[in-house]
Amino acid sequence: MVVRIDNPPVNALSQAVRAGLLAALEQAEQDPAVTAVLLVGQGKTFIAGADIREFGKPPQAPALPDVCNRIEASRKIVIAAIHGAALGGGLEVAMAAHYRLALPMAKFGLPEVNLGLLPGAGGTQRAPRLMGAAAAADLMLSGKHISAKAAQAAGLVDQLEQGEDPTAAGLAYAKALLAQGAAVRRTRDFTVASDATQKAAALAELDALAAATAKKTRGLFSPAKIIECVRAAIELPFDQGLALERSLFVECLSSPQREGLVHAFFAERETTKIPELQSAKPRALSRIAIIGGGTMGAGIAVAALDAGLPVVMVERDEASIQRGQANVEKVYDGLIAKGRLTPEAKAATMARYTPSTSYEAIADVDLVIEAVFEDLEVKKAVFVELDRVCKAGAVLATNTSYLDIDAIAAATKRPQDVIGLHFFSPANIMKLLEIVVPAKVSPDVVVTAFELAKRLKKVPVRAGVCDGFIGNRILAVYKQVADFLVEDGASPYEVDEAVRQFGYPMGPFQVTDLAGGDIGWATRKRRAATRDPQARYVEIADRICERGWFGQKTGRGWYLYPEGARVGQPDPEVLAIVDAERQKKGIKTRSFSADEIMRRYMAAMVNEGAKVVAEGIALRPLDVDVTFLYGYGFPRWRGGPMQWADMVGLDKLLADIEEFAKEDALFWQPAPLLKQLVAEGKNFSSLNRA
């Protein structure tokens with residue numbers, strides 16, 4: 001009997017699918033003519049997991065654990081023939097079957113951890129019984145997918161067959177099993193460890209993984225629960241392990257981390273819904289150029305080459321273009337050294353790379369990205385050249401982090417073709433791409449930029465033109481708060497520690513040292529002429545930069561980096577500079593708890609985020625969230641700054657801002673949008689649905 005799951009587009013496990021599976025199993029059980037049941041997915045996938053349309057709604061019977069238990073309990077052999085994705089609940093269904101066959105393009109994963117959950121339909125108990133405790137725990141903790149070949153090697157899959165038709169392959173496998181007299185084989189009856197020695201070894205492996213996970217996932221709730229479930233698979237009978245899994249799954253469901261992670265999951269998908277899509281389609285995009293071969297230009301080139309695009313890189317002279325090519329090759333050589341790339345694959349990729357010192361080499365490209373020094377006049381000069389040589393209809397993009405793209409576009413005779421593509425460093429790794437939309441750009445150029453982001457596997461966010469766009473504009477404000485805190489009595493190291501405890505991988509002063517303090521210094525000097533003379537300005541960072549201490553690249557910045565160390569040490573001389581600046585201004589210092597530090601840090605971030613949304617620089621609050629999740633290390637389980645504010649309560653946040661305004665009314669001006677939402681009893685998420 002063939003049971004086909006047909007719920008386009010990905011055969012998600014909706015209530016109807018779950019009910020259909022139960023009904024089919026009951027029918028098979030009662031039909032004496034049925035000797036085996038073949039589960040197969042219609043279309044391009046097996047089962048890609050839960051139905052996201054049911055997220056946040058009351059559960060509907062039958063529950064997936066009951067369906068999986070019923071599959072496993074069947075007296076007729078149940079075979080899962082897997083092609084495409086078997087993810088989450090889809091893999092749990094497959095593991096409940098008695099035998100599993102996969103086609104070459106199948107992929108397997110238990111990604112529930114990405115939503116703050118754990119596999120809740122027996123996955124934490126069946127996976128260890130099939131593939132061993134450590135491998136199963138790693139699959140669940142990483143949330144990553146593995147190939148059909150890897151799944152077979154791990155024990156998840158019994159048989160790997162060539163071909164593209166899962167039904168034909170599954171029927172052939174079923175017939176072979178029946179011919180061999182194969183019996184029902186229930187995963188629950190497998191053991192993770194058959195004796196005391198194996199059990200001790202499995203627990204030792206799990207303990208080591210638990211220690212490593214605690215460091216990597218500091219503050220996260222579900223990873224520790226996953227390990228607890230896997231431990232139960234080693235130590236407890238199946239039914240007791242299943243009961244523990246269910247209770248811990250319910251705990252994860254009620255955790256606020258799940259709310260943040262689910263918001264992040266959906267927000268990432270919403271950022272591609274832009275107004276320009278209603279009236280425009282992307283332009284041709286088959287060949288691109290990069291102007292500039294520094295760290296950023298090389299990273300963008302690698303991202304484009306990895307996407308299969310031919311790339312022309314232009315630099316001003318032969319020595320510069322050789323450095324540019326070396327920067328590109330350095331990335332691939334690093335991958336070769338790690339065993340993640342072959343020399344032959346590098347050669348094939350570099351065959352699509354063309355270095356040049358002449359703008360004439362880019363006459364026929366579809367899109368060009370300028371990635372030269374962050375100076376408006378330098379960039380305008382580049383765009384004059386692009387205007388001269390590029391074909392009609394070519395998209396002209398700038399990678400500026402702060403500068404006025406309308407002014408850059410005005411340097412050309414085709415402002416309708418000019419757009420901002422703000423990549424984050426390293427550009428071949430960082431997922432965020434701010435797509436900055438100037439006043440005169442054509443809608444199809446905006447759509448083309450989003451298409452490029454898709455090709456490069458980036459997470460795009462649409463931004464308006466202002467100093468710093470979404471991310472760097474907000475960053476400038478909360479970095480000011482960090483500076484205020486230091487001048488008022490906190491050490492930079494206390495601020496960084498508080499921010500790390502909140503869930504960031506690094507604090508703001510560590511980030512400054514990593515990026516290079518001279519970058520922010522140049523921006524501060526550029527803005528000096530327009531700075532409000534009444535506004536508070538902290539000079540500590542300027543004093544550090546005046547000494548040539550720019551961070552890791554100079555061996556010291558806010559921290560000391562002896563002998564090229566990547567992790568900094570507190571610097572007594574920096575603290576002496578801080579003290580001197582405090583004394584110069586006659587500041588009476590006080591201490592700050594980690595909570596007090598974060599209240600100010602986050603209030604500034606969210607308040608400026610509200611202004612960015614109200615001004616249309618960001619389309620929705622969720623666009624601010626995605627910007628900070630993918631570009632600035634904001635802890636994903638908190639959902640992003642605007643979602644975090646919703647969960648904390650906007651009224652509480654506004655009260656904090658009004659309290660801080662008693663110290664500095666000019667800086668702490670509540671965003672009108674924030675005040676409006678509090679007055680109306682609404683939150684930022686209400687604007688995401690508008």
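## The surroundings of His 422

The side chain of His 422 makes a polar contact with the side chain of Glu 434 at 2.7 Å, and another with the side chain of Ser 401 at 3.3 Å, where a polar contact is a pair of N or O atoms within 3.5 Å, of which, within protein, one must be able to donate a hydrogen and the other to accept it, while residues adjacent in sequence count only if both atoms are side-chain atoms. This is a predicted model, in which local features need pLDDT of at least 70 and side-chain atom pairs count only at pLDDT 80 or more, whereas totals for chains, interfaces and linings use all residues. Residues are numbered from 1 along each chain as its sequence is written, and side-chain values use heavy atoms, with hydrogens and water left out.

His 422 lies in strand 14 (residues 418-423); helices (H or I, at least four residues) and strands (E, at least two) are DSSP runs, numbered from the N terminus. At 4% relative accessibility, His 422 counts as buried, since buried means under 20% relative accessible area, exposed over 50% and partly exposed in between, with a 1.4 Å probe and protein chains only. Leaving out residues up to four places away in sequence, His 422 touches residues including Thr 398, Leu 432, Phe 469 and Asn 472, where contact means heavy atoms within 4.5 Å.

An open sheet of three strands has the order 4-6-7 and mixed pairing, two strands being paired if DSSP finds at least two bridges between them. Strand 4 (85-87) and strand 7 (145-147) stand at the edges with a single partner strand each, so one side of each has no neighbour in the sheet. Strand 6 (residues 107-109) and strand 7 run antiparallel and are joined by three bridges, and Gly 109 stands opposite His 145 in strand 7.

## Helix 5

The buried residues of helix 5 (residues 133-142) include Ala 133, Leu 139 and Met 140, and the buried residues of this helix pack against elements including helix 3, strand 6 and strand 7. Helix 5 is followed by Gly 143, whose phi is positive, near 70°.
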